Amino acid sequence: MGAGHAHKLYRHGHSPVHGLPPHTKLAAVFCFVIVVVSTPREAMWAFALYAVLLAAVAYAARVPAGFLLKRLLIEIPFVAFAVLMPFVAQGERVDVLGMSLSVNGLWGAWNVLAKGTLGVAASVLLASTTELRELLLGLQRLRLPPLLVQIASFMIRYGDVITDEMRRMKIARESRGFEASGVKHWGVLAKSAGALFIRSYERGERVHLAMVSRGYAGSMPVIDDVSASRAQWSYALTLPCAALVVCLLGWLL
Amino acid sequence: MHVPDGFINAPVSAAAGVVAAGAVAVSLRGARRELDERTAPLAGLVAAFIFAVQMLNFPVAAGTSGHLLGGALAAILVGPYTGVLCVSVVLLMQGVLFADGGLTALGVNITDMAITTTVVAYLVFRGLVKVLPRGRRSVTVASFVAALLSVPAAAVVFTLIYAIGGTTDVSIGKVATAMVGVHVLIGIGEAVITALTVGAVVAVRPDLVYGARGLHRPLKLRVAGELVDAPDTAPAPVAARGSHRKVWITGLVTSLVLAGFVSFYASANPDGLEKVAQDKGIDSKTEKHASDGSPLAGYGVKDVGDARLSGGLAGVIGVGVTVVAGSGIFWVLRRRRTADTSPSQITETV
């Protein structure tokens, strides 16, 4: 527990983006995504400008492009869905390369692809420049109910522990010659899941007792309260404001 | 099934966000009542468990594999309130940390995957446990059915949200068939795994299974060589009834809010969309778009006031009818059960 608790997506650094207070970054990303979602899909150039904005942020945060692109792979399932859209959507049809595609479906696919990708890229940038603990502090500063933040912090803190426990159970199964290959092995796997639940729950009880014995009475002590100056706020909100200008242009033009 | 940004339009995402926030607030209070100050560590650890168990791969055949979604499992193991909280927190963290599911679609995702699965699974589960004979096997059967129904229910809710605020006009029939069809298949897998997992937990620590709390055998004492019922059997049914009523009221309120609010929005929103489309340009493109006869396009233009009212009313009436029918069945069952148990109680009190 003494080692750093950075999650795998976090990229350590000292850029101006890393240094911003977490709640300003959260607010900025959230506003940015809202603006992106409410942009009309016909304004293709607007999405290109958004991508340029995000690239500027990535440059300022010194996040390499390869890292960002690799993280974007998470949305592949929905890309597959978007590719299907032009084939199943209704309305006016157009012939592309000998295939009859729906115009509305093409617009829809473009809409989901563009907005989804920008949203994922913004989230990835947030996660790669903000430490977990900071992120939770930021959520708390943004007036998320403290209990919810506590639950989230316990989940994050013990997520790795529970995942490791699951991995150890897997190693234990395999060292006894078990190999899951089909439906007939679900019983064994489900029993592992049940055992994992019991272990997690009992660990929760132990953690609670340990907390109570150290004086816990329902709320966590706030040791380091983050606050943001006006300059930091305005620096963080540059991104959504620039995006808002683009969005308004998109609606007007 | 994580919905990305841009898949559902902004107003509907916001409405789903409001629904999700309300449900999370209700579950926060409920969970605090259930777990008092143990809420944070226990719910946190259960959320971590859900997070981990979603990574546990269940091989199906020929290299394909599925994994658990966990809503039904959470509802049965730790109760509906804590279950909603755990799955919501998992979704929140997946959205913020892993970019899995869009930030603006968080409300949609929570409404769909946390609230619907958990609430549906728990209601079905409690209903079946009440109907079926007491015992471990009926817990397993009930969790099977609960999980089986919870996944297509989530697909139905997703289709509903999509019908209101989807950004492409794929016909609703197609979306519904595809979503429900696929998710019935997923639901079968989910049901088998959930039932097996709940069975495994019930076998070892039945006291940990929230849904099976009322099922423990009465304590027997061995007095002078023979088994005698311990005297404290009276408080248990009262507690069970209290929690039952709580669940009933919460379910009623949630479904009324969902039905009334969402279907009100259902008819209000395409109107907005249509209006925007008309404002944007009365040029050829928009007109074609409006007249292409898709069900989305035809939703709200004709008579908005009527549609709104009738939509909301239909939702509320539907919920009302369901609730009356459901509680009628429960009432009959409970009467039968109390009629069954009353002789023993009389002998005890006498």
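Helices (H or I, at least four residues) and strands (E, at least two) are taken here as DSSP runs, numbered from the N terminus. The model described is a predicted one, in which local features need pLDDT of at least 70 and side-chain atom pairs count only at pLDDT 80 or more, while totals for chains, interfaces and linings use all residues. Residues are numbered from 1 along each chain as its sequence is written, and chains are lettered from A and ligands numbered from 1 in the order in which they are written.

In chain A, the span of residues 233-252 is 95% helix and 0% strand, with its end C-alpha atoms 28 Å apart. This span is among those that UniProt, in an unreviewed entry, lists under "transmembrane region" for chain A, the others being residues 43-60, 72-89 and 109-130. UniProt positions are given in the numbering used here, feature names are shortened, and annotations may be inferred rather than shown by experiment.

Helix α3 of chain A, residues 44-60, contains L54(A). A residue is called buried if 20 or more other C-beta atoms lie within 10 Å of its own, exposed if 12 or fewer, and partly exposed in between, with C-beta atoms placed from the backbone. L54(A) has 21 other C-beta atoms within 10 Å and is therefore buried. Two residues are taken to be in contact if their C-beta atoms, placed from the backbone, lie within 7 Å. When neighbours within four places in sequence are left aside, L54(A) is in contact with L118(A), A121(A), A122(A) and L125(A). Between L54(A) and N111(A), which are 57 residues apart in sequence, the C-alpha to C-alpha distance is 18 Å.

Two arginines in loops of chain A have a backbone feature to be noted. R62(A), in the loop between α3 and α4 (65-71) of chain A, has a positive phi of about 55° although it is not a glycine; with 14 other C-beta atoms within 10 Å, R62(A) is partly exposed. R143(A), in the loop between α7 (132-141) and α8 of chain A, has a positive phi of about 70° and is likewise not a glycine; R143(A) is exposed, because 9 other C-beta atoms lie within 10 Å.

The packing of helices is described by axes, which are lines fitted to C-alpha atoms, for helices over the stretch in contact, and by angles that run from 0 to 180 degrees between N-to-C directions. Angles under 35 degrees count as roughly parallel, over 145 as roughly antiparallel, 65 to 115 as roughly perpendicular and the rest as oblique. In chain A, α2(A) and helix α11 (residues 238-252) have axes 8 Å apart and pack at an angle of about 10°, and these two helices are therefore roughly parallel to each other. The contact brings A28(A), C31(A), F32(A), V35(A) and V36(A) of α2(A) together with L239(A), P240(A), A243(A), L244(A) and C247(A) of α11(A). Its residues divide into 10 nonpolar, no polar and no charged, where Ala, Val, Leu, Ile, Met, Phe, Trp, Tyr, Cys and Pro count as nonpolar, Asp, Glu, Lys and Arg as charged, and the others, Gly among them, as polar.

Chain B contains 10 helices and 4 strands, which follow one another along the sequence in the pattern α-α-β-β-α-α-α-α-α-β-β-α-α-α. Of the 350 residues in chain B, 45% are buried. Among the contacts of chain B with a separation of 6 or more, 74% are between residues 24 or more positions apart. The regions listed as transmembrane by UniProt for chain B, again in an unreviewed entry, include residues 105-129 and 141-164. Residues 105-129 of chain B are 96% helix and 0% strand, with end C-alpha atoms 35 Å apart, and residues 141-164 of chain B are 100% helix and 0% strand, with end C-alpha atoms 35 Å apart.

Between chains A and B, the contact takes 71 residues from chain A and 62 residues from chain B. On the side of chain A that touches chain B, α9(A) gives the most, with 18 residues. By class, this side of chain A has 43 nonpolar, 22 polar and 6 charged residues.
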